[in-house]
Amino acid sequence: METSLPSPCRRADHLLSMEAALEGLRGEPQVVQGLTAWRCLPAREAVYGEWPEGVAPQVLEALRRRGIRAPYIHQSLAIERALAGENVAVVTGTASGKTLCYNVPVLTKLLADPQARAMYLFPTKALTQDQAAALAELASLADADLSIDTYDGDTDADVRRAVRARTRILLTNPDMLHTGILPHHTKWASFFQGLQYVVLDELHAYRGVFGSHMANVLRRLQRVCRFYGAAPRYICCSATIANPLQLATALLGQPVSVVDGDGAPRGERHILFYNPPIVDRALGIRRSPLLDGRALAARLIERGLQTIVFARSRVSAEVLLTYLLREAQRKGWAPRTVRGYRGGYLPGERREVERGLREGAVRGVVATNALELGVDIGELAAVVMVGYPGTIASAWQQIGRAGRRQGASLAVLVAGGSPLDQYIVRYPDYLLERSPEHALINPDNPLILLGHLACASFELPFEEGELFGGRDVSAYLALLEDEGLVHRARRVAYWVGDSYPAQHVSLRTSAPDSFVIAEEESGRVIGGVEPYAAPMLIHEGAIYLHEGQSYEVTRLDWEGRRATVKPVQVDYYTEASTSTHVQVVEEQGREPGPYLCKGRGAVRVTSVTTVYRKVRLYTHENLGWGTIELPEQEMETQGCWFWFPPEVAMALVEEGVLSPEARFDRGPNWQEMRRRARERDGFRCRFCGAPEREDREHDVHHLRPFREFGYEPGKNDAYLAANQLSNLITLCRRCHWRADGSQVPAGSLAGLAHALGNVAPLFLMCDPRDIGVVPEVRSSHTEGPTLTVYDQVPGGIGLSDQLYSLGREVWQAAHGLVAGCTCESGCPACVGPVQEGGRDLKRQVLRLLEVASGEGVVQGVRP
């Protein structure tokens with residue numbers, strides 16, 4: 001028999017359901033024991049403004065028909081500035097009515113000028129379709145006969161021709177603009193001639209590599225518009241980030257006016273932080289958040305709260321949906337009470353779910369971040385986030401999906417076992433009180449810029465001295481000329497390449513020769529990976545995750561830049577072991593400190609991937625190893641480095657916190673003996689025979705480790721025996737890595753690197769995989785124990801520069817992560833895997849973090 005669930009109802013009934021649900025949670029010991037915080041944010045009244053002068057009367061009438069009598073203050077300011085011809089960036093919370101900030105000025109302009117056109121850019125197709133429907137409804141209410149069209153990869157060829165001829169408002173996405181519109185701008189001549197407004201929604205999504213590409217796509221758009229005599233204004237909308245003006249200005253290359261005073265009302269909001277119970281205290285392993293997330297969601301749905309459950313991946317979403325559907329069947333809920341929503345669903349399925357949510361037939365939905373963006377799904381009562389979404393901005397967007405305008409709402413964050421999740425759930429004020437992260441881009445990254453200059457040359461010839469993005473690009477055009485892709489004639493550079501350059505430039509990678517990942521049976525391309533990341537992610541035997549689906553790499557064609565994969569259902573992921581060395585190419589900044597020094601600049605990252613392990617999901621169990629035989633990789637990027645000065649390092653060695661390998665002094669004859677060893681070996685690696693390169697000398701390795709000789713500067717001359725030629729051998733970097741495990745320390749310095757690498761993304765608005773962290777017991781640049789953090793993107797995108805500019809707060813956060821972990825001696829959630837005999841590792845890392853943050857005292861060193 002079906003059980004009737006409470007349905008959407010009047011506000012008083014909603015409040016009763018919410019109070020009952022909150023009281024129920026307070027009365028459940030299992031829930032209360034897992035709560036680390038329960039915060040209540042008070043309701044906020046609306047702040048209204050006036051409709052600016054110049055808004056079309058038809059538009060005002062349409063808004064009145066929809067029940068909108070007056071704009072919120074931020075809507076009023078944004079519309080006023082847009083109508084005045086300013087570029088505007090609106091930065092307010094979820095469900096604050098940002099859509100009106102661009103629809104009102106766009107409709108006003110197009111009603112006044114029959115030749116005017118507008119382009120809306122959305123990061124996802126689902127959001128594009130949703131906004132097209134809302135805009136068409138408003139235009140209809142305004143009696144505006146405007147052609148409003150979507151244009152994406154699903155648009156039929158016949159329809160595309162009609163769209164180009166008739167459209168007044170074009171809704172599309174960055175990829176289609178990049179590959180389908182700009183290269184064919186002559187077919188869009190009348191559209192570009194009349195282009196008055198460009199709307200850039202979800203501005204915060206354009207960060208990192210994607211944002212750096214987007215800035216160059218907009219440079220190309222502006223160049224094409226100038227060719228047709230147009231100079232469109234931009235209206236941008238964003239979730240709350242720390243640097244909206246910096247990001248918008250970098251993307252547009254033009255002055256921008258920021259509107260960030262949110263006038264929208266908000267109901268009372270309860271935010272709960274929940275940590276699943278520990279199942280192995282020694283290892284710090286907790287129960288799967290999927291299980292506890294499912295249980296919490298089922299309780300809320302049963303108590304009458306329309307609930308959305310956010311999962312971080314497609315696999316997690318489908319597992320959660322399966323759990324909830326079984327729960328619904330067991331409890332006798334009506335069919336289709338609980339639905340899924342993610343990328344991969346057909347458009348009709350997504351529209352059906354959205355309609356069911358708005359009408360109340362769907363009481364629970366399990367979604368990936370596809371619903372995090374501004375798709376209209378009505379006003380839900382509760383949100384369950386299974387895992388921290390990765391950024392403060394994303395977390396607030398997900399929280400904002402419940403109680404979007406009126407009435408109380410509930411949001412529960414169920415922490416996973418990752419360091420980021422554990423930090424947030426232990427320190428909820430980081431999410432609740434700290435300003436959101438910086439969204440960083442680097443449009444002038446050489447590889448990204450060069451690719452888009454090729455695209456721009458294909459679109460229009462370059463006049464001599466013409467700037468691109470405000471900078472001189474003649475040197476880049478000369479490179480294209482050397483490659484035979486452009487030809488100069490009469491001081492103009494023309495594209496003469498055979499290929500269509502945009503098809504070779506992915507907006508989500510920085511390298512032009514990326515690897516293609518294709519399904520074994522169908523040949524369908526499912527993704528791409530940059531060359532420097534290929535050995536770690538798509539080696540043969542690797543489990544490659546794409547939209548939550550697991551694929552096993554069955555073959556890697558290194559020369560052909562192609563990986564073949566097959567879908568698999570496995571309970572593990574693969575983790576490659578890579579030996580990495582960082583060489584400072586150019587130091588661009590240095591800041592000494594009493595306990596910790598830092599520097600920044602250009603670095604060369606050399607890595608070799610030799611083995612991988614299979615790791616069971618959630619428990620981190622090691623299920624076995626495999627070998628990898630691939631070439632050494634090199635990448636030049638930006639980095640910053642932190643090191644302990646000599647007197648501090650020596651004191652920490654004496655304390656037993658740092659390895660004795662951190663001693664710098666190899667004896668007064670080391671450099672001479674090192675030279676003699678290389679000379680004796682003919683400046684070749686004794687193992688593989690590789691000659692020295694012009695830009696780097698080979699290493700010299702002690703056959704018997706130097707530390708075993710017990711050298712103490714000023715106390716003995718044990719270095720003489722250690723540095724005898726018979727104990728020295730010349731090795732190339734690759735062979736030295738294999739011979740000397742100390743190049744990648746497994747002790748406290750590695751634990752420090754693990755903690756820093758997992759906390760830094762909280763401050764950089766990036767994924768942990770966007771940065772690399774290399775610990776070195778003896779850095780050749782600083783000559784001391786050093787951590788180097790670098791951008792995992794050739795040329796860099798500004799992440800390490802931002803980290804360099806931050807103060808001790810990053811180290812304090814890392815200390816909080818490790819100190820707050822419930823494990824005994826260290827675990828993957830705080831300091832990384834603990835080797836046998838490493839029972840003091842957690843204490844040692846905490847001591848290093850005390851010193852790094854300036855909160856600890858080092859004996860004999862003046863702060």
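The following conversation discusses selected features of a predicted model.

Trainee: Which strands make up the open sheet, and in what order?

Mentor: In this predicted model, the open sheet has seven strands in the order β4-β5-β3-β6-β7-β2-β8, and their pairing is parallel.

Trainee: Which strands sit at the edges?

Mentor: The edge strands are β4, residues 148-150, and β8, residues 257-259. Each of them pairs on one side only.

Trainee: By how much are neighbouring strands of this sheet turned against each other?

Mentor: On average the turn is 15°, with direction ignored.

Trainee: Let us take one pair. How many bridges join β6 to β7?

Mentor: Four bridges join β6, residues 195-200, to β7, residues 233-238, and the two strands run parallel. Across this pair, tyrosine 197 stands opposite arginine 233 in β7.

Trainee: Is glutamate 202 buried or exposed?

Mentor: Glutamate 202 has a relative accessibility of 6%, so it counts as buried; the cut-off for buried is under 20%.

Trainee: What about arginine 336, where is that?

Mentor: Arginine 336 lies in the loop between α13, residues 314-331, and β13, residues 338-341. Arginine 336 also has a positive phi, of about 60°, although it is not a glycine. At 49% relative accessibility, arginine 336 counts as partly exposed.

Trainee: Back to the sheet. Which strands does α8 lie across?

Mentor: Helix α8, residues 174-181, lies across β3 (117-121) and β5 (169-172). The helix runs at about 105° to β5.

Trainee: At what angle do α8 and α10 pack?

Mentor: Helix α8 packs with α10, residues 208-227, at an angle of about 45°, and their axes are 10 Å apart. The two helices are therefore oblique to each other. The crossing of α8 and α10 is left-handed.

Trainee: Which residues meet there?

Mentor: From α8, Pro174, Leu177 and His178 meet Phe210, Met214, Val217, Arg220 and Leu221 of α10. By class, this contact has six nonpolar residues, one polar and one charged.

Trainee: Changing topic: how do α25 and α28 pack?

Mentor: Helix α25, residues 748-764, and helix α28, residues 841-852, pack at about 65°, with axes 9 Å apart. That angle makes α25 roughly perpendicular to α28. Their crossing is right-handed.

Trainee: And which residues are in that contact?

Mentor: Ser748, Leu749, Gly751 and Leu752 in α25 meet Leu841, Gln844, Val845, Leu848 and Leu849 in α28. The residues of this contact divide into six nonpolar, three polar and no charged.

Trainee: Where is glutamine 802, and what does it touch?

Mentor: Glutamine 802 is found in helix α26, residues 799-805. At 14% relative accessibility, glutamine 802 counts as buried. Not counting residues up to four places away in sequence, glutamine 802 touches His438, Leu440 and Leu764.

Trainee: One more: is glutamate 519 buried or exposed?

Mentor: Glutamate 519, which lies in strand β22 (residues 515-519), is buried, with a relative accessible area of 16%. Leaving aside neighbours within four places in sequence, glutamate 519 is in contact with Arg524, Ile526, Tyr551 and Val565.

Definitions and conventions
Residues are numbered from 1 along each chain as its sequence is written. This is a predicted model: local features need pLDDT of at least 70, side-chain atom pairs count only at pLDDT 80 or more; totals for chains, interfaces and linings use all residues. Side-chain values use heavy atoms; hydrogens and water are left out. Axes are lines fitted to C-alpha atoms, for helices over the stretch in contact, and angles run from 0 to 180 degrees between N-to-C directions. Angles under 35 degrees count as roughly parallel, over 145 as roughly antiparallel, 65 to 115 as roughly perpendicular and the rest as oblique. A crossing is left-handed if the near helix is turned anticlockwise from the far one by less than a right angle, and right-handed if clockwise. Contact means heavy atoms within 4.5 Å. Ala, Val, Leu, Ile, Met, Phe, Trp, Tyr, Cys and Pro count as nonpolar, Asp, Glu, Lys and Arg as charged, and the others, Gly among them, as polar. Two strands pair if DSSP finds at least two bridges between them. Buried means under 20% relative accessible area, exposed over 50%, partly exposed in between (1.4 Å probe, protein chains only).
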